[in-house]
Amino acid sequence: MTIEWRYTVEQDLSILSVSGYLGPDAVHRFAGAVGWVVGRGSGPVIVDLTALRSWSAEGQLAIIEAARRLAEAGRNLELAAIPADGYLVPGTDCPSIPVHPDLAGALAAHSPRHGDPPQGESCYRFSCHS
């Protein structure tokens, strides 16, 4: 199974786009991607799941662990487009995880004020195969 991720910075937001299947075999790769993101940027992190086919219970727990890890680094995690066959039930000790219907909605929630200059964009792409 293949999981791919891409890291983009847009509007002072970190966007981690994940595609494939976030199952037990991919959890450690997802954690590595989150570690990579923690070391870059300083604002909120949007995990874009638009291209994620599905996720397992372990994958959902990896998302919750990512929210904890980012909170420890002083950053927030938000989700865009969770899989249709999934749901996320964070525990009571989990930071709040806003969920947006899609990436456009997540970006709109953070859009710059009128008159502010647009920020630059950077992109990194990674593929891991198992």
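Colleague: What's the mean pLDDT of the protein, and what share of residues reach 70 or more?
Modeller: This is a predicted model, with a mean pLDDT of 82 and 78% of its residues at 70 or more.

Colleague: Which elements have the lowest and the highest mean pLDDT?
Modeller: Strand β7, residues 122-129, has the lowest, at 40. The highest belongs to β3, at 96.

Colleague: And where does pLDDT stay under 50?
Modeller: One such stretch is residues 114-118, with zero contacts beyond four places in sequence. Residues 120-130 are also below 50, but there the model has 31 contacts beyond near neighbours in sequence.

Colleague: OK, on to the inside. Which residues touch the most other members of the largest nonpolar core?
Modeller: Leu16, Val18, Leu22, Phe30, Val47, Ile63 and Leu77, out of 26 residues in that core. At least two core residues come from each of β1, β2, α1, β3, β4, α2 and β5.

Colleague: Which element supplies the largest share?
Modeller: That's α2, with six residues.

Colleague: What does Phe30 touch, leaving out residues up to four places away?
Modeller: Leu16, Val18, Leu22 and Val47, plus Ala62, Ile63 and Ala66. Another core lies apart from the largest one; it has seven residues, including Ile15, Ala80, Leu103 and Leu107.

Colleague: Switching to Asp25: where is it, and is it buried or exposed?
Modeller: Asp25 sits in the loop between β2 and α1. It counts as exposed because its relative accessible area is 56%, and the cut-off for exposed is over 50%.

Colleague: How far is its C-alpha from that of Thr2?
Modeller: The two are separated by 9.4 Å, with Asp25 and Thr2 being 23 residues apart along the chain.

Key:
Residues are numbered from 1 along each chain as its sequence is written. This is a predicted model: local features need pLDDT of at least 70, side-chain atom pairs count only at pLDDT 80 or more; totals for chains, interfaces and linings use all residues. Side-chain values use heavy atoms; hydrogens and water are left out. A nonpolar core is a set of buried Ala, Val, Leu, Ile, Met, Phe, Trp, Tyr and Cys residues joined through side-chain atoms within 4.5 Å. Buried means under 20% relative accessible area, exposed over 50%, partly exposed in between (1.4 Å probe, protein chains only). Helices (H or I, at least four residues) and strands (E, at least two) are DSSP runs, numbered from the N terminus. Contact means heavy atoms within 4.5 Å. pLDDT is the predictor's confidence in each residue, from 0 to 100.
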